Amino acid sequence: MDLDTVRTFVAVADAGQFQEAAAELGITQQAVSKRVAALERTLGVRLFTRTPRGSGLSIDGQAFLPHARELLRVAERAATSVRAGRRPLRVDVIASRGAATGLMRAFHRARPEIDLDVVMVLDIETAVAAVRSGTIDASFRAVAAPDRPLPEDIEAVRVLDEPLHLLTGPGHALASARSVTMEQLVGHRIWMPGIVPGSEWGAYYDDLVAAFGLTIEATGPNFGSDALLDTIADTPALATFMGGRTRLVWPAGHGLRLIPVTDPTPVYPHALLWHRDNPHPALATLRAHLTTTTSGQDTAGTWTPDWVIPR
């Protein structure tokens, strides 16, 4: 159904005359008649009857009028939803409990008037494809992974270095330490079942192992954070890495210890990705917010892989 014919029908119904509707729409009376006739052919009914004062709605026209108005309202809402600055800014944060979610919550507190649509995309290739197609406006990633450069139309800026901590149960050999060095971690089993081969965090931990001789195990199914915490609490031989901005809550009876890692401190580098031609005005606002509210990249005493994009 052609919306121009529907709009013309409503204009005639409101004006009561084809001539007045033509003036309101800025078209000729002949064009109004043709549009109304086309709509009547589509519907298979007569919408107007001639009266001494002009044109009146037929019984079918009266039945169709409220639906016609609703069609035009729906069309306007649909158009509004994708106009620059009117639809929500859609941002991928990968996971609900990670540092990127914290960054977006802070942005929302600072700029509550900006509508947000937060999504979670696990795979970097899928996220980059979504950014390029406009399905999402931006994505938080650790880029660029080795041998996998970003497409030329994708921009990226590093926004946060997140220190890693060692998480242990109460029976672990390092549980009483106030901090641990990378050298002290050599020989200890660090269990991280969520590592996905080929992911950017998989590449990050591969380089961490190679640089410091650590033992990181990704064996077994990934049942989620609750199962990970239960296992770490109950298994003295296992520990895991956890980002300093990861928001997890565990039962007090677990007795878990979160221990800073030093000499050097491994940091996970978060970057924001976006398409260089993305016109959404709130995207520039988000980038400016992250630039002015985050700090600490490439500080002394920290470690990141050499393929990470610079600050």
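A salt bridge is a side-chain nitrogen of Lys or Arg within 4 Å of a carboxyl oxygen of Asp or Glu, and the side chains of Glu200 and Arg141 meet in one, at 3.3 Å from N to O. The structure is a predicted model, in which local features need pLDDT of at least 70 and side-chain atom pairs count only at pLDDT 80 or more, while totals for chains, interfaces and linings use all residues. Residues are numbered from 1 along each chain as its sequence is written, and side-chain values use heavy atoms, with hydrogens and water left out.

**Salt bridges**

- By this rule the count comes to 13 salt bridges.
- Glu200 counts as buried because its relative accessibility is 0%, and Arg141 counts as buried at 1%, where buried means under 20% relative accessible area, exposed over 50% and partly exposed in between (1.4 Å probe, protein chains only).
- A second bridge joins the side chains of Arg276 and Glu155, at 3.4 Å from N to O.
- This pair links distant parts of the chain, with Arg276 in the loop between strand 12 (265-275) and helix 10 (281-293) and Glu155 in strand 6 (residues 154-168), 121 residues apart.
- Arg276 is partly exposed, with a relative accessible area of 46%, and Glu155 is partly exposed as well, with 30%.
- Salt bridges that share partners join Asp92, Arg141 and Glu200 into one network.
- The side chains of Arg46 and Glu40 also meet in a salt bridge, at 3.8 Å from N to O; Arg46 is exposed, with a relative accessible area of 57%, whereas Glu40 is buried, with 14%.

**Aromatic rings**

- A search of the whole structure finds 8 aromatic pairs, counting rings of Phe, Tyr and Trp (its six-membered ring) whose centres lie within 6.5 Å, with planes under 30 degrees apart taken as stacked, over 60 as edge-to-face and the rest as tilted.
- Phe9 and Phe48 form a tilted pair, 5.4 Å centre to centre with 55° between the planes.
- Because Phe9 lies in helix 1 (residues 3-15) and Phe48 in strand 1 (residues 48-51), this pair ties together parts that are 39 residues apart in sequence, and both Phe9 and Phe48 are buried.
- Phe18 and Phe48 form an edge-to-face pair, 5.8 Å centre to centre with 70° between the planes.
- That pair links distant parts of the chain, Phe18 in helix 2 (residues 18-25) and Phe48 in strand 1, 30 residues apart, and both Phe18 and Phe48 are buried.
- Arg50 lies over the face of Phe18, at 5.2 Å from the ring centre, where the rule asks for NZ of Lys or CZ of Arg within 6 Å of the ring centre and within 35 degrees of the ring normal.
- Elsewhere, ring pairs link Tyr204, Tyr205, Phe212, Phe241, Tyr268 and Trp303 into a cluster.

**Nonpolar surface**

- Met1, Leu3, Leu43 and Leu71 make a nonpolar surface patch of about 320 Å²; patches are made of residues with over 30% relative accessible area and no salt bridge, with like charges joined within 9 Å and nonpolar side chains (Val, Leu, Ile, Met, Phe, Trp, Tyr) within 5 Å.
- Accessible areas come from the Shrake-Rupley method with a 1.4 Å probe, and for residues only the protein chains shown count as cover.
- Leu71 lies in helix 4 (residues 59-82) and counts as partly exposed, at 35% relative accessibility.

Key:
Helix = DSSP H or I, 4+ residues; strand = E, 2+ residues; numbered from the N terminus.
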